[in-house]
Amino acid sequence: MKTEVLQLNDESVVRAAELIRAGYPVAFPTETVYGLGVSAYSKEGVFRVFEAKGRPSDNPLIVHVGRKEDIEKAARTVTPLAKELIDAFMPGPITVVLDKRADISSAATAGLDTVGVRIPVHEGARKLLIACGVPVAAPSANTSSRPSPTCAEHVLEDIGGKIPMILDGGSCSVGIESTVVDARGEIPIILRQGMITAEDIARVVGEVRLSDGVTDIVRSPGVKYRHYAPKCEAILHVGADAECVNRFVAKKVQEGKIPVVICESAFAKEVKGARVLDIGTGVEYTANFYAALRKAEKLGDFVIVQNRFEGKGAGALYNRATKACSQNFLKA
Ligand code: TXA
Ligand code: MG
C-alpha cells in the first residue's frame, strides 16, 4: 500500500476524516505522540490498526474525541471524579478510564467494559477529530514495542506501506504518552504516568493512587508488554557520574561496540569516547527522548541513557527510560 504523507491542513483533514470514518487508519499528530486513528465504531478498522502495529489484541486502544460534549459518545457514565479531571485537565495530555458505551467496538477496548477517553490539546488533532464526527480509537502510531513516534518520519519508518495516510503536523511538544487515570471510583488511580503528574491531580481532587503496574495489571494491560525499546542494547544511568559512564563507554569500545550516550546538556561535555546526543534538560529532554532513541540506534549499537530525573514529569520519563533500557542500570 502506498502511504501518502500530507501536511495537516483543512483540505487533508477532510480526506483523513473520510478514511477514518470508513475504517481506514490514518496517523495524526497530538501534543504527546503521533496516533494511528480509526473509527471506534468500526471493528474491521480497529483490526487494521492492530495489524499495522503488530499489537497484541489484548491491549486496549484509547478513544479520542475533539470536544468535551463528545466524551459521552465513548463513556456510558461520567463519574463526579471524572468531571473534575475533565474540567481541570482536558483538553490535554490525560486519558480517563470510564465505563464504556456499548456502541464502541469491543475490539478497540480489547474486550474490556471500560474505555480510555482523551481530548488532545493539539489544535490540528482536534480539528481532525471534530471533522471525523465519530469517536476515534488511536494507539501510538509506532510498531508495537518500538519508541513512540514524535514526528511523521518516525511513523513512516515503522508503518509506512501499511496505512494509507499520515498527517504531518511537525514534532510533538510533550513527547511522551498521556497520563492514564482510572476515574470510575472515588479515588483516581494512575495507570500510566505522564506529564500531568500525581501532584497535579492531587492538587485538584485530593487523594490519588499510583498503580504499581503489577497488582493492577488487568486494569491497564498495556503496561506488561515490552515498550519503547531501540533496536540495540540500552542501559540507564540515573545520575551524572561521568567517570562511571566513561569507564563503561571504554569497556564497550574495547568489546568492539559503538556506544552512543543520550544525555542532559550539562553532562554532554563530560562524555569521552562515545557519540553524544545532547537532548536538553527537563521537559525539553522528555520531548526529545524517543527521537533520540531512534537516532542512537542508527549511529551506534549500544545506547547509554543518562538523566538525573528531577523536576516536572521526571517520574513519567523514568518509567519510559527504564522500559526502553529493559531495566538495565549502570551504577557507579
Ligand atoms: O498520549 C497518548 O495517550 C497517545 C496519543 C496517540 O493519544 N496514545 C497512546 O496509546 O499512547 P497507546 O495505545 O500506545 O497506549 C494506551 C495505553 C495502554 O497502556 C493501554 O493499556 C491503556 O492506555 N488503556 C487503554 N484503554 C484502557 C482501558 N480501558 N483500561 C485501562 N487501560 C487502558
Ligand atoms: Mg503505545
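Guide: Start with a cut-off: buried means under 20% relative accessible area, and exposed means over 50%. Keep in mind that this is a predicted model.

Visitor: Why does Asn 307 count as buried?

Guide: Asn 307 has 4% relative accessibility. The limit for buried is under 20%. Therefore Asn 307 counts as buried.

Visitor: Where is Asn 307 found, and what does Asn 307 touch?

Guide: Asn 307 is found in strand S15, residues 302-307. Its contacts include His 237, Glu 264, Tyr 285 and Leu 317, leaving aside residues up to four places away in sequence.

Visitor: What makes the approach of Asn 307 to Phe 309 a polar contact?

Guide: A side-chain polar atom of Asn 307 lies 2.6 Å from the backbone nitrogen of Phe 309. The cut-off for such a pair is 3.5 Å.

Visitor: Is Phe 309 buried or exposed?

Guide: Phe 309 has a relative accessible area of 15%. Buried means under 20%, so Phe 309 is buried.

Visitor: What makes Phe 309 and Tyr 318 an edge-to-face pair?

Guide: Their ring centres are 5.2 Å apart, and the planes stand at 90°. A pair needs centres within 6.5 Å, and edge-to-face needs over 60 degrees. Phe 309 and Tyr 318 are therefore an edge-to-face pair.

Visitor: Why is Tyr 318 called partly exposed?

Guide: Tyr 318 has 34% relative accessibility.

Visitor: Which strands does helix H9 touch?

Guide: Helix H9 touches strands S13, S14 and S15. Its direction makes about 175° with that of S13. Helix H10, residues 314-324, lies across S12 and S15.

Visitor: What is the order of the four-strand sheet?

Guide: The order is S12-S15-S13-S14, with parallel pairing. S12 and S14 each have a single partner strand, so they stand at the edges.

Visitor: How do you know that S12 and S15 pair?

Guide: Pairing takes at least two bridges. S12 and S15 have six bridges, in the parallel sense. Ile 235 has Ile 304 of S15 as its bridge partner.

Visitor: How many residues are in the largest nonpolar core?

Guide: The largest nonpolar core has 44 residues. Helix H3 gives the most to this core, with five residues. Ile 71 is one of the residues with the most contacts inside the core. Among the residues that Ile 71 touches are Val 65, Ile 86 and Val 117.

Methods. Residues are numbered from 1 along each chain as its sequence is written. Chains are lettered from A and ligands numbered from 1 in the order in which they are written. This is a predicted model: local features need pLDDT of at least 70, side-chain atom pairs count only at pLDDT 80 or more; totals for chains, interfaces and linings use all residues. Side-chain values use heavy atoms; hydrogens and water are left out. A nonpolar core is a set of buried Ala, Val, Leu, Ile, Met, Phe, Trp, Tyr and Cys residues joined through side-chain atoms within 4.5 Å. Buried means under 20% relative accessible area, exposed over 50%, partly exposed in between (1.4 Å probe, protein chains only). Helices (H or I, at least four residues) and strands (E, at least two) are DSSP runs, numbered from the N terminus. Contact means heavy atoms within 4.5 Å. A polar contact is a pair of N or O atoms within 3.5 Å; within protein, one must be able to donate a hydrogen and the other to accept it, and residues adjacent in sequence count only if both atoms are side-chain atoms. Axes are lines fitted to C-alpha atoms, for helices over the stretch in contact, and angles run from 0 to 180 degrees between N-to-C directions. Rings of Phe, Tyr and Trp (its six-membered ring) pair if their centres lie within 6.5 Å; planes under 30 degrees apart count as stacked, over 60 as edge-to-face and the rest as tilted.
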